[in-house]
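Subject: Structure for you to look through

Dear colleague,

I am passing on the structure that we talked about, and below it you will find my notes on what turned up in it. Please read them with the structure open beside you.

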Amino acid sequence: MGSRASSLLREEDIEEIKKETGFSHSQITRLYSRFHSLDKGENGALSREDFQRIPELAINPLGDRIINAFFPEGEDQVNFRGFMRTLAHFRPVEDNEKNKVLTPGEPLNSRTNKLLFAFRLYDLDRDDKISRDELLQVLRMMVGVNISDEQLGSIADRTIQEADTNGDMCISFNEFTKVLEKVDVEQKMSIRFLH
Amino acid sequence: MEGFWAAFFPVLRIWFTCVVVLIMLPAMFGISLGITETYMKLLIKSLEWATHRIQRASRAEEILKHSASNGLIQRDNSSLEQEIEELRRNRPKSAERGDFTLSDVLYFTKTGIESIVEDDVTQRFTSEELVSWNLLTRTNNNFQYISLRLTVLWGVGLVVRYSILLPLRITLTAIGLSWLVIGTTMVGFLPNFRVKGWLSELVHVMCYRICARGLSATIHYHNKKNRPKRGGICVANHTSPIDVVILANDGCYAMVGQVHGGLMGVLQRAMERSCPHIWFERAEMRDRHLVTQRLRDHVNDKTKLPILIFPEGTCINNTSVMMFKKGSFEIGGTIYPVAIKYDPQFGDAFWNSSKYSMVSYLLRMMTSWAIVCNVWYLPPMTQQEGEDAVQFANRVKSTIAQQGGLVDLAWDGGLKRAKVKDSLKEQQQKKYSHMVVGDDSSD
């Protein structure tokens with residue numbers, strides 16, 4: 001925890017991040033300390049290697065996809081604003097009533113946006129459809145070498161069959177939402193902050 | 001110019017006499033004149049006052065101060081299987097054993113993001129955050145001007161530490177180390193009488209006591225009856241190179257380590273002359289069989305001193321105990337676990353070797369207030385029937401963690417520099433595969 005870390009974050013920045021993401025003042029400063037401690041190069045931005053240095057993330061089967069979610073299209077560095085914007089998806093929904101978020105439009109941590117985050121983990125090429133190949137890729141990441149190609153293929157086919165309602169052999173975001181409509185996404189995709 | 005030197009020499013003489021009489025001689029014989037105690041009392045009072053002022057000011061300005069020991073987030077401790085079962089409970093179809101649903105990714109996503117916000121491992125390789133500021137610039141996380149008096153106190157502390165304590169400590173350490181080299185060399189010339197062993201121990205302990213004074217170390221030993229005996233292996237958690245000085249203040253150990261050049265090499269060779277230690281060449285260290293054999297020979301010789309080993313293999317920041325390498329536990333012999341816990345309020349003993357070199361680390365040590373630590377000697381342990389080296393190592397690790405109030409982690413301390421092993425990821429994938437295809441998977 002650098003001793004100069006919090007002094008690099010100006011009050012105006014904190015206010016802006018607060019408005020955009022809904023995190024509280026103390027949460028922002030503590031997350032900034034965390035950002036700073038991950039930033040080994042001390043250049044104010046995180047690279048993919050910085051994330052991979054976290055052992056628990058490196059052994060997560062979806063680790064690479066999650067890391068990818070932080071980096072905007074084609075970029076190799078994420079600054080603190082981007083970091084917070086991605087983390088904001090995981091704020092609990094109840095906090096919105098407490099903090100009275102004033103952003104126009106939907107807050108980043110709404111149910112829809114949480115589902116969109118999960119959808120984008122599958123949909124690598126961002127064409128708003130999960131194709132059979134994309135589904136297979138994610139499946140392969142999660143099961144490693146323990147399941148054969150044929151078995152995995154039939155699992156993917158069955159999943160698409162169940163979800164696909166318009167017959168295009170792909171899962172759109174609406175179809176995805178329908179499959180997960182009974183899942184408590186608000187709770188399963190939220191992190192409980194202690195302060 | 002001459003006038004300056006003429007005045008300077010007597011001052012230097014008085015300085016040296018003071019140091020020798022008041023500090024070195026009592027230290028060598030283990031007597032205490034109470035100087036350190038008075039210093040510590042004064043220090044504790046000042047720090048308490050400072051904490052009080054900071055708290056008053058923060059309450060007045062309504063800044064939320066969080067206890068650094070609390071985590072940032074609360075995590076579920078449920079397993080992969082439990083979480084995925086829960087996610088699947090609401091599937092529209094009837095749930096057969098095993099299968100895949102699109103919602104399975106939510107589990108991995110959540111745990112992944114949680115580990116980005118806060119993880120158990122990376123925080124162990126940087127210094128512990130303090131609950132309240134201890135008037136050292138290096139621990140100041142939220143620098144705010146609180147009051148004039150506090151700043152003055154900090155300034156006074158700065159002057160005292162750098163101009164009085166630092167030269168004093170450097171002098172003491174220099175004397176201590178030279179005494180070690182000279183003393184052990186002299187003892188080394190003696191023929192192998194029983195007296196030689198006794199003298200060698202005396203020299204070692206005296207020198208370590210001087211070095212401990214050189215760090216203003218206050219050490220509290222507990223359960224001295226469990227002190228390691230000859231022919232045993234002493235095992236402790238590792239926070240810094242100073243651990244050796246701390247432990248050797250209360251007993252003599254045979255050190256194990258790599259042969260170094262430079263000053264360390266001089267010390268190693270000197271120590272080797274008076275009593276047997278175990279130094280390995282770099283190439284020898286890779287041959288695990290050779291290493292184990294040499295250690296075993298030493299342990300089986302009951303006249304030799306107990307070996308001191310730090311099974312973590314690297315310095316950890318004294319908030320947790322990380323994986324114990326099983327090598328030390330395969331030697332046989334009795335293990336004497338020792339738990340060392342430093343009080344971070346007076347000085348942070350952790351050596352962050354990727355950030356500070358040895359020299360800058362020692363300078364930081366010598367410009368802290370003091371080193372205060374507790375050493376607990378735990379009852380001896382031996383490998384039990386049906387227990388392999390890894391399980392034995394884990395058992396010893398838990399005992400040490402529990403006594404020292406440290407978090408018991410299974411992660412390897414080597415993760416400080418190395419990447420995590422792929423096999424751990426494969427374990428996760430295997431567990432998940434069971435959830436997808438049920439128990440009749442083709443393995």
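Arg10(A) forms a salt bridge with Asp13(A), in which the closest N and O atoms are 3.2 Å apart; the term stands for a side-chain nitrogen of Lys or Arg within 4 Å of a carboxyl oxygen of Asp or Glu. Asp13(A) is buried at a relative accessible area of 19%, where buried means under 20%, exposed over 50% and partly exposed in between, with a 1.4 Å probe and protein chains only. Arg10(A) itself is partly exposed at 47%, and Arg10(A) also forms a salt bridge with Glu12(A), with 3.7 Å between the closest N and O atoms. Glu12(A) is partly exposed, with a relative accessible area of 46%.

Before going further, please keep in mind that this is a predicted model, in which local features need pLDDT of at least 70 and side-chain atom pairs count only at pLDDT 80 or more, while totals for chains, interfaces and linings use all residues. Residues are numbered from 1 along each chain as its sequence is written, chains are lettered from A and ligands numbered from 1 in the order in which they are written, and side-chain values use heavy atoms, with hydrogens and water left out.

Over all chains, the search finds 22 salt bridges. One of them joins Lys304(B) to Asp301(B), with the closest N and O atoms 3.6 Å apart; Lys304(B) is partly exposed at 25%, and Asp301(B) is partly exposed at 27%. In chain A, salt bridges that share partners join Glu16(A), Glu20(A), Arg81(A) and Arg85(A) into one network.

Turning to the aromatic rings, there are 20 aromatic pairs over all chains, a pair being rings of Phe, Tyr or Trp (its six-membered ring) with centres within 6.5 Å, called stacked if the planes are under 30 degrees apart, edge-to-face if over 60 and tilted for the rest. Tyr32(A) and Phe35(A) make a stacked pair, 6.2 Å centre to centre with 25 degrees between the planes. Both lie in helix H2 (residues 25-38) of chain A, 3 residues apart, about one turn of the helix; helices (H or I, at least four residues) and strands (E, at least two) are DSSP runs, numbered from the N terminus. Tyr32(A) is buried at 11%, and Phe35(A) is buried at 2%.

The pair of Phe90(A) and Phe117(A) is edge-to-face, because the ring centres are 5.0 Å apart and the planes stand at 85 degrees. This pair links distant parts of the chain, 27 residues apart, with Phe90(A) in the loop between helix H6 (80-87) and helix H7 (95-99) of chain A and Phe117(A) in helix H8 (residues 111-122) of chain A. Both Phe90(A) and Phe117(A) are buried.

Glu42(A), with a phi of about 55 degrees, lies in the loop between H2 and strand E1 (45-46) of chain A and is exposed, with a relative accessible area of 56%. Asn318(B), with a phi near 70 degrees, lies in the loop between strand E6 (307-309) and strand E7 (320-321) of chain B, and Asn318(B) is buried at 4% relative accessibility.
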